[in-house]
Amino acid sequence: MHKLPFGTPHHGQNAWPDYLADRAGRVRDPALKRFFGAYDLDPAMPIGEVPLVALDLETTGLDERRHAIVSVGLVPFTQQRIQLPRRRYWVVKPPRPLSQRSITFHRITHSEIAEAPDLDEILDELFEALAGRLVVVHYRHIERPFLDAAVKARRGEGMRFPVIDTMSLEAQLHRQSRWARFKRWIGRPPASIRLHDSRLRYGLPPYQGHHALVDALATAELFQAQLATHFDPQAPLHRFWH
Amino acid sequence: MDVELLDIRQHMVGNPPFDTLSDDLLDEVAAAVEVGYFRAGTMICEDGQPTKDLYYIRSGAVEVYRRNGELFNRFGEGDIFGYFDLLRNQRVRFPVKAIEDTLVYFIPDELFRRLCDEDEQFADFVEVGRPRLETTVDHQHHDNTMMTTRVRKLISRLPVMIEADATIQTAAATMCDENVSSVLVLSAEEEASSRTFVLGDGKQWRTLGILTDQDLRTRVLAAGLDAAMPVAEVVTRELIAIQSDESVHEAMLCMLRNNIHHLPVLHRRRPVGVLHLSDIIRYETNSSLYLVGNIYSQSSLKGLERLEADVRRSFVGLIEDGANSQMVGSALSTIGRSFTRRLIELAEEELGPPPVPYCFMVMGSMARNEQAIVTDQDNALVLDDSFDHERHDAYFLALAQRISDGLDACGYTYCKGDIMATNPRWRQPLRVWKQYFHDWIADPNPERLLHSSIFFDLDHVYGEEDFVEELQDLVADQASQSPRFLAAMARNALNRTPPLGFFRTFVMEKDGKQNNSINLKRRGTAPLVDLIRVHALACGSRAQNSFDRLDDIAKTQLLVGRSSERIRYALEFISMVRIRHQVIDIQEEREPDNNIEPENVSDTERHNLKDAFQVLSNAQKFLKFRYPLPS
C-alpha cells in the first residue's frame, strides 16, 4: 500500500505526480486506468492554467463505512469560466435503504432513488468526466473517502486523487491569520467556513443548497472568488492541492 | 428543466429582456450559461479584445466606458451588457470594469443570435434598429381598455329593486324618488333554486325582470293600463343581464345585440347594479368632456374652485382608461382653457365690456396642449392697437387680476417668472408684441431668451384670435431665417441635461454624482420640448404641440433617419412615466409632483427611461452641432 501524501499543502507536495503515475501503471480496471493515466499535472503549473472540476456528493450520512452515496454532481471549470453546460448529475441507488432523516436533508425521494442505477453503472462516465482535471471540493473528508470506499467495493480497487479544498483555504484565510487569532483571543466567534457563509464573504448570491450539482456549482464559484481575491493566477498548483 | 438550474432561471425571469421569453427558450438559456467571477476593480472586457458572449449580472455591479475612458453607464444585478459589441464586430468597444465583486453569467453568441431571431421582444430590447422604448410605447397604446376593464367598474350604485306585487304606480314613484330610469322587479321564493339568491334580509329572491321608463310609456300609458295593477303584469320577463366580471366591451355588445339601454349586472345571480348605455358612452368619451361642460355652467369663482377635485379625478380616469400622453395633455389643456375662458366671462360680466378689442393669450404647456396636472399659469394680454394706456389700462389690469387670482384659486398657481397679464410688460398692444418678437429674433441674447423662450409657444384662448395668429406668423416667418436666433435657442435647449442613468436606488449623473430623486419634467420632458421647438422654428412650422411639431420636422430633411421618431417615443415614454407617478401620488393622497424616486421605478421602466434619456442626450448633441453659434 502506498504512503499517501497527506499533511499540509507544502508537505509532500511533489508526491502526487509519482503516486498518480504509479497507480496508472498498476490498476487493472480499464476505466480507472484511463482516469489515472489522464493526469498531467505539474506541481509548479500556474493555478490559472489548471483544468478544474468541482465535485459534490450527497450521501446518507457522514461515515463512508456505514453510509452511501445518493447523488453525484460535477461542473468542469477553470479560473476564468465555469462550464455549466458540461455539468453532470446522477442520482444513484444506495445498497442500503434510505433513512427518513437523510431524505429531509437532501430532498431526494424514495421513488427517485428506486428507479436509479447502482453507482457502478455510472462510474465509467464519472471517471471520464473527472479525467485530466483537478477535483475541487468544499470539505475534502467526504468526497474522496466516499468515492474510494464505493469504488473499492465495486471494482476491487480504490481511488485516491489530489483535491483542492475550498473550506480548508477559507480556514487558512479566515481562521489561521494573525488577525483571526487576535479576534478569537478577544472572544469573537471564528468566521463560519461553511459553503454558504463563505460565499457571502465574496458577494456571491445564495443558492438552494444540498443538491449535489448546485453545491458543485457553488463550490466552483467560491474557488474562482478565492483565487480572484487572494491569489495570483501564476501561483503554483502545489500551494493548493491536498 | 433540470432542478439545479431553477435558481438561474428564476433569477433571469425577473429581468428584462428575459421576463418575456417563452419557457422553452428560457430553459435553453439557463442550461447554456457559463459562469465567471470578477473581483471589484478588475476588467471584465478589455478594449479591442474579441468577445463571444452576452453578459448577465447575477450579482455585483459594473461600469461601462467609452473608448476614450469616459463613463458610459453603470449596470447592476439583473442587467445585461456586451450586446453592442456582439452585434457589431465582436470586438470590445465599450470596456467594462467590475466595481463590486461580480458574478457574471455568459450567454454564448450563438444562443444570443437565436434569441434575437426567435423572440421579437428580445430583439427589440437589444437591437439598435428598434429600441425597446418604441416597443414599450407601442404596446401601451395597443391595450384597449374596453376589452380588459370589467363591467363592475362602471357601476356607481346598487340597483333599485321592488317586489313583484307592488303596484305600477309604486314602481314609478320609487323611480322618481331614487332618480333612476329603471327598477328590478323581484319575487320572494320559498325555496332555494338555481335562479334564486339571498339578500341582506336572509330571504330567497328571484329577479323576475326589469321595468324601465320606456316600459311605463309603451306598456302602461299607451296601453291605458291601470296604475294600480301589480308590476308583475308589465315587467319584461326575459331578463338579459351580464356578469360583473365581464368586460365593458362585452356589455356594449350585449346592449347593441339586444337593442336595450338598461343592462342589469349580476354577481352570480344577485343583481349588483344596472348599467345604462350612457354609462358606457361616458366611459368611452372620457369624462373630461363632462367636466368641461360643468366648468361652463358655473356662475361663480367659488363654483369653479370646487371643481379642482374633479380635474384630478378625470386625470386619473384618463390614465386608467389607457390614454396616452397626448390625450392627457390635450384633455388637461382643454380643461385649463375652459377655466380661463369661464373666468374671463365672469370678469367681463362684472367689469362690463372691454373698452378696446383684446386677446387673452396663453403660453407654455397650455399653448402646446401639453398641460400636466401640476402646472402654473403663463398668460398675457394682446390689446388692440387703438389701446390707450391712460384710458384703458385700469380695465385690463382689473381683468388680468381677476383671471390670475381665479386661476390660482382653481389650482393653477401664479407664474414664478411673473409671465402673467398682470405684469404691465405683458399687457401690451399688438404692435408692441410684434416689436418684442422681432427684437428677440433679430437680436437674441441667450440670457434674455432663457426667460422669454416660453413665449415661443403661444396660443389664443379668448377674444381676437387674429392677434395671436399674426404673432405666430411673424415667429414662423422670421425665426427660420435667423441663424443667430436659432443658435441662441439651441443653447437654451442644452441647459438642462438628462441624467445618465438609473442605478440601483439612485440616479447617476454624468459627473458620477448621485441623486436620490429625479425631476422628470426638468430633466426629461422640458429639454425634449425645448429641442423640438428649435427644430420646429427652424423649419418654419406653425404647430405648437410637440408631437405636431415632430410631424412637421419629419417632413423635412432636418433630422436624419428615424431621429424624429425616436424623440417622439422618448417624449411619450418620459411623459407617461411622469403622469403615471402623478396618478399614484393622487391615489395615495399625496400632492402630485414631477419627482420620481428610482427605487419606485420597475426594472422595465428603468431600462426604458435609460433609453429615453439616451435619446435625449444624443438629440442634444445633434442640436449643438446643427445650430452652431455664428462667429
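User: How many aromatic pairs are there over all chains, and what is the rule?

Analyst: Rings of Phe, Tyr and Trp (its six-membered ring) pair if their centres lie within 6.5 Å; planes under 30 degrees apart are stacked, over 60 edge-to-face, and the rest tilted. By this rule, there are 36 aromatic pairs over all chains. One of them is tilted: Trp426(B) with Trp440(B), at 6.3 Å centre to centre and 50° between the planes. This pair links distant parts of the chain, 14 residues apart: Trp426(B) is in the loop between helix 17 (389-409) and strand 18 (427-429) of chain B, Trp440(B) in helix 18 (residues 430-442) of chain B. Helices (H or I, at least four residues) and strands (E, at least two) are DSSP runs, numbered from the N terminus.

The model is predicted, with pLDDT of at least 70 needed for local features and 80 or more for side-chain atom pairs, while totals for chains, interfaces and linings use all residues. Residues are numbered from 1 along each chain as its sequence is written, chains are lettered from A in the order written, and side-chain values use heavy atoms, without hydrogens and water.

User: Are Trp426(B) and Trp440(B) buried or exposed?

Analyst: Buried means under 20% relative accessible area, exposed over 50%, partly exposed in between (1.4 Å probe, protein chains only). Both Trp426(B) and Trp440(B) are buried. Ring pairs also join them in a cluster whose members include Trp433(B), Tyr436(B) and Phe485(B).

User: Which ring does the charged end of Arg81(A) sit over?

Analyst: The criterion is NZ of Lys or CZ of Arg within 6 Å of the ring centre and within 35 degrees of the ring normal. Here, the charged end of Arg81(A) sits over the ring of Phe106(B), 3.5 Å from its centre.
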